[in-house]
Amino acid sequence: MGRQICRNLSKKKIMKVACIFFTFILSYFYSNGQEIFLAKNGHSEYQIVIPEKATQVEKIASNELQKYLRQITGTFIPVVSEFKLRRKKEILVGNVRGYRVSVDHEDGILIKTAKDKLIISGGRRKGVLYSVYTFLEEFLGCRRYTKEVSFIPSNRNLSIANDIDLSRNPAFDYRNALFEDDIDKTFADWHKMNYFFEDRMYPAHSLSWFLPAEKYFVQHPEYYALINGKRNPAQVCFSNPDVFKVVKGVLQHEINARPNNKVWSVSHPDYPFSCSCNLCKPKHDNGNGFIETLLPFVNKMADAFPDKIISTLAYNQSMLPSKTLKPRKNVEIMFCFTNTNRMQPLKTANDPQSVACRSALAKWQQQTANIFIWDYAANYFHSMSPFPNWSTYQDNIQFFRSLSIKQVFEQGTGRQKSEFSELRSYLLAKLLWNPELDVDNTINEFLNAYYGPASGYLKKYLDLISKFARAGSSAVPITEYSSPLAARQTYLSNQHLRDYNQIFDSAERAVKDNRTFLNRVKKERLALSYAEIEIGKENLKRQKNITSTAALQNKVASFSANAKLLGVSFLSFGERSPDQYKMQTFSEINSK
């Protein structure tokens, strides 16, 4: 009995010693290889090493990393050349000798740890810079929500795991959206997006600049389309050989001035007309319409500039490919999804225009792989109207990727604030890099950061209006040009508007003591006011559910004043300032 007790005690002692030893071993290995301390107590043993002949991107990347690490840790980590006196502990940025890596894509990212070294590298264009921003965001917790709103943590004891091995490539070669924040280059770089039409001259409709009517129409009306028996400067006659000579000369001059630009637009003006002269009309009638004169013109221009990419539009009257010829190898087809139902994914939307666009794109893809997608991410004519198409962003971007599209542009509302423009910009930037993103988490994170305590209410609003929009979209397609009137029987019914306003009442109460958050909430509520005004005008016109003229005028005046106060410059794409809208609406109301 006594010997058994002693034997059990011995086992307990052995287990205790073993646990202490095992804990010591774990602690030893954890502190000697399982974790890298970039800073301890605000001090760092590291230096940032760049190649001796560092590229401009590598220099920017190292400086950005140095700047953010100083903000996070409070310590200055020096940047040195690879042949300077170096420390054992290093952050290697770029193509440093002995640590050069191969990356598949020119914008691909690579982040690795090896013993006491952190390797941040990437593709030859901007991969290294994108890797720095990815490291800051995913491993250190930094965020950039808008061009003005960011988050940088504070951590004087900054460590990372010593088993990092991350490499990624973008889903698309060209990725860009056009909202106010996207135009900011710092925001674009952080989110690994291209700048607005970088390395390109003229995004589209370039013949309006190459062949300006004010310069040529009086003396050469034959350069322009014959429409209803008269020459009209709104469109070009592509069969006139002199038009080609003039445009080629202008394009040559532009290329000489900007030889580094890769892509040059040769595309028709933004008017839905076609020339009906005796040269153009037979070609249009015997083929797929307008494209039968546009594409030969573009192909000939591509032959004249074989070292450039000539971009043209598949848009409105040029949507269908030619029946008689294919684009040259250096011709880019900029395919535009216009007038489609924006409340359903493009892949499955059953409205006639969505079906027609999918069919046309498939036919273009049988002829060429050089296709650029121009998609629409906001309401073009009513940019401050409720337009819950964000629920289709991921589906659409995944659809483009499934078709092996390499270039995607999401047109927003440009240099103006619009309905949830900040959220749209952030979400699209993330999706264009990674279409498999967890959208719900991404939206929640943005809402929490940007709207503070009101975020839960705004999420409730976003989910509710999206639900009603999807439910009603089969019966009433809502396009990127639709007025709020189109949704008055679906997601903008009187009852739904009342429900939305109650949610915004709660949101405003939640942030009433924080002017910044409150103004951001009020800006989004402007969309409901805009819808109420547009529907109210129609009610007056129809003499149904009559809203008094005075009450509606007061709502318009309040809306206009608040829009200006909250930084909304236009209510359409670059058009109709709040004051102009007030004057126009007053005129409409008083004429009822």
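Which residue just after α11 takes a positive phi? In this predicted model, where local features need pLDDT of at least 70, side-chain atom pairs count only at pLDDT 80 or more, and totals for chains, interfaces and linings use all residues, that residue is Ser404, with a phi of about 65°. Residues are numbered from 1 along each chain as its sequence is written, and side-chain values use heavy atoms, with hydrogens and water left out.

First, the overall picture. The chain holds 18 helices and 19 strands; these are DSSP runs numbered from the N terminus, with helices being H or I over at least four residues and strands being E over at least two. Taken along the principal axes, the C-alpha atoms fill a box of roughly 115 × 65 × 45 Å. Of the 592 residues, 54% count as buried, where buried means under 20% relative accessible area, exposed means over 50%, and partly exposed lies in between (1.4 Å probe, protein chains only). A contact means heavy atoms within 4.5 Å. Among contacts between residues at least 6 apart in sequence, 72% join residues at least 24 apart.

Now for the sheets. Strands of a sheet pair through backbone hydrogen bonds, either parallel or antiparallel; here two strands count as paired if DSSP finds at least two bridges between them. Seven strands make up an open, parallel sheet, running in the order β11-β19-β18-β17-β16-β15-β12. The edges belong to β11 (174-178) and β12 (200-201), and each has a single partner strand, so one side of each is left without a neighbour in the sheet. Further in, β17 (residues 331-336) and β18 (residues 371-376) pair in the parallel sense over four bridges, and Met334 has Phe372 in β18 as its bridge partner. Helix α10 (residues 352-367) packs on this sheet, where it touches β16 (309-314), β17 and β18, and its direction makes about 170° with that of β17.

Strand β5 (residues 109-114) and strand β6 (residues 117-122) run antiparallel and are joined by six bridges. The two form a hairpin with two residues between them, and Lys115 in the turn has a positive phi of about 55°. Across the pair, Thr113 has Leu118 as its bridge partner, while Ala114 stands opposite Lys117. β5 also pairs with β10 (residues 165-168), again antiparallel, over four bridges; there, Ile109 is partnered by Arg168. As for β6, four bridges join it to β4 (residues 90-93), with the two strands running parallel, and Leu92 stands opposite Ile119. In a regular strand the side chains alternate between the two faces of the sheet. In β6, Lys117, Ile119 and Ser121 point one way and Leu118, Ile120 and Gly122 the other way, and all are buried.

Next come the helix pairs. Axes are lines fitted to C-alpha atoms, for helices over the stretch in contact, and angles run from 0 to 180 degrees between N-to-C directions. The axes of α11 (residues 393-402) and α12 (residues 421-433) come within 10 Å and cross at roughly 30°. That makes α11 roughly parallel to α12, given that angles under 35 degrees count as roughly parallel, over 145 as roughly antiparallel, 65 to 115 as roughly perpendicular and the rest as oblique. Tyr393, Gln394 and Ile397 of α11 make the contact with Arg424, Leu427, Leu428, Leu431 and Leu432 of α12. These residues divide into six nonpolar, one polar and one charged (Ala, Val, Leu, Ile, Met, Phe, Trp, Tyr, Cys and Pro count as nonpolar, Asp, Glu, Lys and Arg as charged, and the others, Gly among them, as polar). The buried residues of α11 include Tyr393, Asn396 and Phe400, and what covers the buried residues includes α10, β18, β19 (407-411), α12 and α13 (439-451).

Helices α15 (residues 494-510) and α16 (residues 515-542) pack at about 160°, with their axes 10 Å apart, and are therefore roughly antiparallel to each other. Their crossing is left-handed. The residues of this contact divide into eight nonpolar, one polar and six charged.

Finally, Cys237 sits in the loop between β14 (230-236) and α7 (241-257). At 2% relative accessibility, Cys237 counts as buried. The residues that Cys237 touches include Cys275, Cys277 and Cys280.

How values were computed. A crossing is left-handed if the near helix is turned anticlockwise from the far one by less than a right angle, and right-handed if clockwise. Lists of a residue's contacts leave out its neighbours within four places in sequence.
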